[in-house]
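Thanks for coming. I have one chain to go through, and I will keep it short.

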Amino acid sequence: MGSSRKIEILVGLFVVLGLAALVVMALNISNLTSLSSDKGYTITARFDNVGGLRPRAKVTLSGVSVGRVTGISYDRETFQAVVSMRLNPDIDYLPEDTQASIYTSGLLGEQYISLEPGAEDEVLKDGSSITLTQSAVVLEEVIGKLMVSLTSKN
């Protein structure tokens, strides 16, 4: 009896560890492990098209994650999307002429914002706005332009 009881306990422990691993993996995939914190500072950027960018998307600097997208709204006066980002508090050296671009990780991956520092002496502060932006490349638009150019040559 004692041996079968030990096996049942080990199998139960194995199942619990497997379920815990699945929960951790799901949280990592959905970016819920790094819930928003009040640390850092918020900046905004305006884009003509944000594509599939979502709140909690990564903000990177040379491929290193330095923050998260906290919100996306639409400005009815300028007809642009306004993206709010919270950057880590130690990233306090980005020049005011930093450029923000929306990229896709992989062919069908999630979209994120990449920051490229400029050369100004003044740095971004809480509430600053990035004016140099590059919108997301929408695959459907690229295919449509290619099709139009191919049909116009014939």
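**Fold and core of the chain**

The chain has 2 helices and 8 strands, where helices (H or I, at least four residues) and strands (E, at least two) are DSSP runs numbered from the N terminus. Along the sequence the pattern is α-β-β-β-β-β-β-β-β-α. The radius of gyration is 22 Å, well over the 15 Å that the globule rule gives for 154 residues, so the chain is more spread out than a compact globule. That radius is taken over C-alpha atoms, and the rule is 2.2 Å times the number of residues to the power 0.38.

A word on the source. This is a predicted model, with local features needing pLDDT of at least 70 and side-chain atom pairs pLDDT 80 or more, while totals for chains, interfaces and linings use all residues. Residues are numbered from 1 along each chain as its sequence is written, and side-chain values use heavy atoms, without hydrogens or water.

The C-alpha trace spans about 75 × 50 × 30 Å along its principal axes. Buried residues (under 20% relative accessible area, 1.4 Å probe, protein chains only) make up 25% of the 154.

Now the core. Which residues touch the most other members of the largest nonpolar core? They are Met 85, Ile 113 and Leu 115, in a core of 24 residues. A nonpolar core here is a set of buried Ala, Val, Leu, Ile, Met, Phe, Trp, Tyr and Cys residues joined through side-chain atoms within 4.5 Å. Strands supplying at least two core residues each include S1 (41–47), S3 (64–75) and S6 (111–116).

Technical notes:
Buried < 20%, exposed > 50% of the residue type's maximum accessible area, 1.4 Å probe, protein only.
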